[in-house]
Amino acid sequence: KRVVNKMSKKRILTGDRPTGRLHIGHYFGSIKTRLKLQENDEYEPFILIADVQALTDNFNNPEKVRKNVRELAIDYLSCGIDPNKTTIYIQSMIPETAELTVFYSNLVTIARLQRNPTVKTEIAQKKELFGESVTYGFLGYPVSQAADITCFDGELIPVGEDQLPLIEQCREIVRKFNSIYGKDVLKEPKEVLSGQARIKGLDGNEKMGKSLGNAIYLSDSPEEITKKVMGAVTDPGRIKKDDLGNPDICMVAYYHKLFTKEDDYKKVCEECRAGKRGCVACKKELAKNIIDTLEPIREKRKYYEAHPEEVDKVLIEGTKKAREVAKETMKKVKKAMMLNYFEN
Ligand code: TRP
């Protein structure tokens with residue numbers, strides 16, 4: 001049976017490593033773009049849960065990766081990723097991508113991988129895990145990511161800025177492949193950036209993350225959200241309630257901008273500058289707005305937590321569909337590489 005790419009829709013491919021729950025940085029950074037793209041008929045979106053890639057720096061912690069596969073799927077579904085529009089699948093259950101990774105490994109040099117800025121930064125951050133010598137698997141994960149993308153003829157890749165070097169590396173592999181094995185066998189992918197700058201942490205850190213303890217998770221309870229917001233960093237120059245404040249250096253104002261209606265946000269800033277707004281009241285108001293915004297996501301999460309069989313069904317069916325597409329690509333690839341021995 002041939003899988004025809006319906007009306008030659010452009011395939012979108014994106015995904016995350018299952019290493020933790022999604023936070024509001026992910027929501028504004030990538031989830032919102034994915035929600036928008038799945039509504040467009042011209043596209044056929046796939047989201048992969050990158051468990052194989054997660055193992056490249058968590059090989060010694062398989063329980064963590066396993067547990068987070070379902071957590072991530074629940075996060076997607078709770079946010080409104082619709083399995084009727086977007087195919088969600090598990091990377092390790094598509095052996096074709098592993099096979100393709102092996103073929104691609106001939107098309108990329110070790111020096112080129114070592115020069116990849118994203119890989120370079122990550123290796124520097126993971127000294128504790130890797131010591132002085134990085135594993136072959138981690139150094140090679142961009143090759144595996146190129147296989148993830150091209151195995152589905154992924155043309156549009158919605159990602160954050162940090163992923164650009166990986167997409168560039170993928171394009172290089174595609175060009176090399178096509179130049180050796182056949183013109184236009186594989187498609188060159190293009191990134192889709194959200195246009196939203198990376199969301200800072202509650203402590204003002206440029207990055208939000210679990211290890212930094214400065215993130216609000218989509219699954220956080222109202223109590224957790226309130227507690228975190230109450231601890232957010234405000235203008236340090238403002239000590240007494242009627243001191244004039246500077247919202248430009250206050251994380252509470254920064255988050256009001258994301259979660260508060262525009263007019264109310266303006267009022268927040270004006271009152272702060274005029275010393276007419278206490279930080280505690282301002283934080284409470286913010287906490288309420290965040291809690292309200294995330295309410296529908298929390299509600300859906302409760303539903304899926306109570307119906308794990310539905311989550312499994314989405315993953316099983318998504319993976320099945322993804323596998324059919326990947327098999328078609330492999331046929332094409334093997335033919336181009338003259339590995340189709342018993343076909344005429
Ligand atoms: N590298 C991505 C991340 O760390 C996850 C990922 C794996 C991915 N394969 C992909 C993203 C293919 C886009 C396309 O979040």
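**Contacts, ligand shell and nonpolar cores**

Leaving aside neighbours within four places in sequence, T150 is in contact (heavy atoms within 4.5 Å) with L100, Y104, C170, V174, L186, K187 and T329. The model is predicted: local features need pLDDT of at least 70, side-chain atom pairs count only at pLDDT 80 or more, and totals for chains, interfaces and linings use all residues. Residues are numbered from 1 along each chain as its sequence is written, and side-chain values use heavy atoms, with hydrogens and water left out.

T150 lies in helix 9. Helices (H or I, at least four residues) and strands (E, at least two) are DSSP runs, numbered from the N terminus. T150 has a relative accessible area of 2%, so T150 counts as buried (under 20% relative accessible area, 1.4 Å probe, protein chains only). The side chain of T150 also reaches the backbone oxygen of A146, at 2.7 Å.

Helix 9 (141-150) also takes part in the shell around the ligand. This helix and strand 1 (10-16) each supply at least two residues of that shell. The ligand is surrounded by 13 residues (a heavy atom within 4 Å). The closest are R17, Q53, Q145, D148 and Q163. By class, the shell has six nonpolar, five polar and two charged residues. Nonpolar here covers Ala, Val, Leu, Ile, Met, Phe, Trp, Tyr, Cys and Pro; charged covers Asp, Glu, Lys and Arg; the others, Gly among them, are polar.

A polar side-chain atom of R17 lies 3.3 Å from an oxygen atom of the ligand. An N or O atom in the side chain of Q145 is 2.9 Å from a ligand nitrogen atom. For Q163, a side-chain N or O atom is 2.9 Å from a nitrogen atom of the ligand. Taken alone, the ligand exposes 370 Å², and the protein buries 90% of that (Shrake-Rupley method, 1.4 Å probe).

The nonpolar interior comes next. In soluble globular proteins, nonpolar side chains tend to be buried together. A nonpolar core is a set of buried Ala, Val, Leu, Ile, Met, Phe, Trp, Tyr and Cys residues joined through side-chain atoms within 4.5 Å. The largest has 46 residues; I24, Y76 and Y255 have the most contacts inside it. Helix 14 gives the most to this core, with eight residues. Beyond four places in sequence, I24 touches I199, M208, I216, L218, Y255, F259 and L294. Apart from this core lies another, of 40 residues, including A146, A147, V159 and V325.

Methods:
A polar contact is a pair of N or O atoms within 3.5 Å; within protein, one must be able to donate a hydrogen and the other to accept it, and residues adjacent in sequence count only if both atoms are side-chain atoms. Buried means under 20% relative accessible area, exposed over 50%, partly exposed in between (1.4 Å probe, protein chains only).
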